[in-house]
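Subject: Structure handover and findings

Hello,

Please find the structure below. My notes on what turned up in it follow.

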Amino acid sequence: MTRDISDVTRAKNGRPVHHWRRDLVELAALFTAVAVADGVANLVGHGPDGPALLAVSAALLGATAGFHTWWARRHGHAPPTGDTDARPLSEEPQAGPSELPPGADEGSALWRMRTTVKDAPGSLAALCGALAAHRVDILSLQTHPLGEDTVDEFLLRAPGSLAAAEVSRAVSVVGGRDTWIERADAHDLVDAPTRVLGLATRTALDAAELPLTLRQLLGRCTIRSLPAASGARDRGPEGVPVEGVLEDTVMRLRAPEGGVITVERAHLPFTPTEFARARALVELDARLGPRIPRGQDALTLPEGGDITVRRADTGDLEAAKAMHDRCSARTLGMRYHGPVGDVDRYLNHLLSPRFGRTLAVQTTSGRIVGLGHLLWDGDETEVALLVEDRWQRRGVGAELLGRLVAMAAEAKCESVYAVTQASNTGMVAAMRGLGLPLDYQIEEGTLVITARLETAGAQPASLRHEERAARD
């Protein structure tokens with residue numbers, strides 16, 4: 001390729017070649033500067049305002065130098081406009097912020113976003129175009145029809161420097177409203193049909209999974225189970241029909257045993273699609289009937305004695321009552337915090353898989369000597385233990401507690417709490433033995449100990465036992 005020699009900016013050895021016109025301009029500038037300096041010196045030396053003129057001159061000189069530096073950096077090394085020749089790799093221009101290839105910028109972040117748009121041709125295309133303009137990648141999309149409108153739910157990968165407010169602003173410009181956005185994680189990368197099938201499988205294997213699967217299906221929400229009122233099984237508490245009720249941020253579903261499952265979400269209304277999915281899970285649970293995993297784990301306690309740990313339900317009601325009869329009044333009082341004569345009436349609720357999970361410890365003869373409960377308390381999780389007097393201080397409570405906390409961690413609970421008396425040193429020691437961060441609150445002799453699970457680094461040993469039991 002041939003080029004005009006006047007356009008050449010480098011010699012063969014890479015040394016810069018100066019043009020005679022540039023040298024002439026620089027020489028003229030030098031003489032001009034000398035003349036100006038001489039004039040300023042005369043004014044300073046003979047005029048009454050010499051110091052003031054000197055200060056003004058210094059300021060003008062500084063401004064001129066700054067302008068020259070900026071101009072030289074911007075234009076001094078720019079190639080000629082007609083230059084089409086190749087350059088060495090080290091001289092290739094760098095990509096600007098909008099030209100960076102995916103994954104080569106300052107990092108990326110996952111977001112879950114939901115917005116409402118008009119159900120009209122082109123509305124979704126405009127939304128996607130607005131996201132693309134901010135280099136936002138759409139990983140998945142679900143639509144929830146609402147008559148004249150549609151709720152679009154996205155999983156997005158955006159540049160790490162892009163704030164949620166900027167995404168919401170871009171969406172609102174093209175007609176999106178009621179936009180909700182929050183951080184997502186790698187677990188959200190599973191496509192919706194696969195996730196729903198997995199939740200249905202968990203529900204089919206264990207009745208106690210229903211509240212947890214509903215929470216994972218619907219996101220951050222509070223789930224409460226209310227028992228059926230006496231003589232009202234046909235309509236359920238508060239007159240909830242069989243098909244359930246959807247009211248903005250609250251849905252009520254008929255539980256299989258005749259009670260009501262209430263699901264509440266703070267600010268994000270439920271869509272008819274979400275309501276239909278939740279109702280399908282509840283109907284699946286009702287058709288399968290009562291069930292719990294029948295795996296069990298045989299252990300030898302550190303203090304001696306062979307035991308078996310297994311899941312328990314309402315079928316163990318009589319055996320649990322018999323254990324109550326063998327427990328002292330002090331042991332029952334520390335567990336139930338109320339009149340000892342009323343403790344049996346709590347068992348039907350505690351053993352129901354609708355309200356949590358129960359582990360039973362039984363001896364080789366089949367006698368239950370310990371019960372551990374993991375109870376779904378709205379958006380919180382409670383753990384409770386009862387160990388027969390003769391089996392206390394032998395590691396039964398610690399074994400139960402470790403397994404219950406492992407279940408809570410597996411269910412992605414952020415924390416668990418235990419309510420006991422300040423004098424119950426056994427429960428305090430068991431909670432401390434978890435090796436987790438603990439918070440203590442005490443009022444009038446009642447002690448509440450909360451263990452935070454999100455900071456746990458290693459799995460407790462009891463989790464390995466639970467995994468083996470699930471495979472058996």
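Arg135 is partly exposed, at 32% relative accessibility; the term covers the range between buried, under 20% relative accessible area, and exposed, over 50%, with a 1.4 Å probe and protein chains only. Arg135 sits in the loop between helix H3 (123-133) and strand S2 (137-146). Its phi is near 60°, which is a positive value in a residue other than glycine. Helices here are DSSP runs of H or I with at least four residues, strands are runs of E with at least two, and both are numbered from the N terminus.

Before the rest, the ground rules. This is a predicted model, in which local features need pLDDT of at least 70 and side-chain atom pairs count only at pLDDT 80 or more, while totals for chains, interfaces and linings use all residues. Residues are numbered from 1 along each chain as its sequence is written, and side-chain values use heavy atoms, with hydrogens and water left out.

Overall figures

The protein chain has 13 helices and 16 strands. Of its 472 residues, 37% are buried. Among contacts with a separation of 6 or more, 62% join residues 24 or more positions apart; a contact means heavy atoms within 4.5 Å.

Asp248 belongs to the loop between strand S6 (245-247) and strand S7 (250-254), and it is exposed, with a relative accessible area of 51%.

Asp248 is one of the residues touched by Pro269; the others are Arg114, Thr249 and Glu274, leaving out residues up to four places away in sequence. Pro269 is in the loop between S8 and helix H7 (272-288) and is partly exposed, at 35% relative accessible area. From Pro269 to Glu247 the C-alpha distance is 8.3 Å, for 22 residues of sequence between the two positions.

How much of helix H9 (residues 329-336) is buried? Six of its eight residues are, so the helix is mostly covered. The buried ones are Thr331, Leu332, Gly333, Met334, Arg335 and Tyr336. Their cover includes helix H8 (317-326), helix H10 (344-351), strand S12 (368-377), strand S13 (380-387) and strand S14 (415-421). Just after H9, His337 has a positive phi of about 55°.

In H10, the buried residues include Leu347, Leu350 and Leu351. Viewed down the axis of H10, the buried residues fall within an arc of 80°, so they line one face of the helix; the arc is taken over the directions from the helix axis to the C-beta atoms. These buried residues pack against strand S10 (306-312), H8, H9, strand S11 (356-363) and S12.

Rings

A pair of aromatic rings is described by the distance of the centres and the angle of the planes. Rings of Phe, Tyr and Trp (its six-membered ring) pair if their centres lie within 6.5 Å, and planes under 30 degrees apart count as stacked, over 60 as edge-to-face and the rest as tilted. By this rule there is one aromatic pair. Tyr336 and Tyr346 form it, stacked, at 5.5 Å centre to centre and 25° between the planes. The pair links distant parts of the chain, with Tyr336 in helix H9 and Tyr346 in helix H10, 10 residues apart. Tyr336 is buried, at 9% relative accessibility, whereas Tyr346 is partly exposed, at 25%.

Elsewhere, Arg394 lies over the face of Trp391, 4.2 Å from the ring centre. The criterion is NZ of Lys or CZ of Arg within 6 Å of the ring centre and within 35 degrees of the ring normal.

Cavity

How many cavities of 30 Å³ or more does the structure hold? There is one. A cavity is a set of points on a 1 Å grid over the protein atoms alone where a 1.4 Å probe fits but cannot get out, and lining residues have an atom within 4 Å of a point. Grid points are joined across faces, edges and corners, and the volume is the space filled by probe spheres set on the points. The largest cavity contains about 50 Å³ of space. Its lining includes Leu210, Pro211, Arg354 and Phe355. Helix H6 (210-218), strand S5 (222-226) and strand S8 (260-264) each supply at least two lining residues.

Regards

Technical notes: On a 1 Å grid over the protein atoms alone, a cavity is a set of points where a 1.4 Å probe fits but cannot get out, and a pocket is an open set with protein on both sides within 12 Å along at least five of seven lines; lining residues have an atom within 4 Å of a point.
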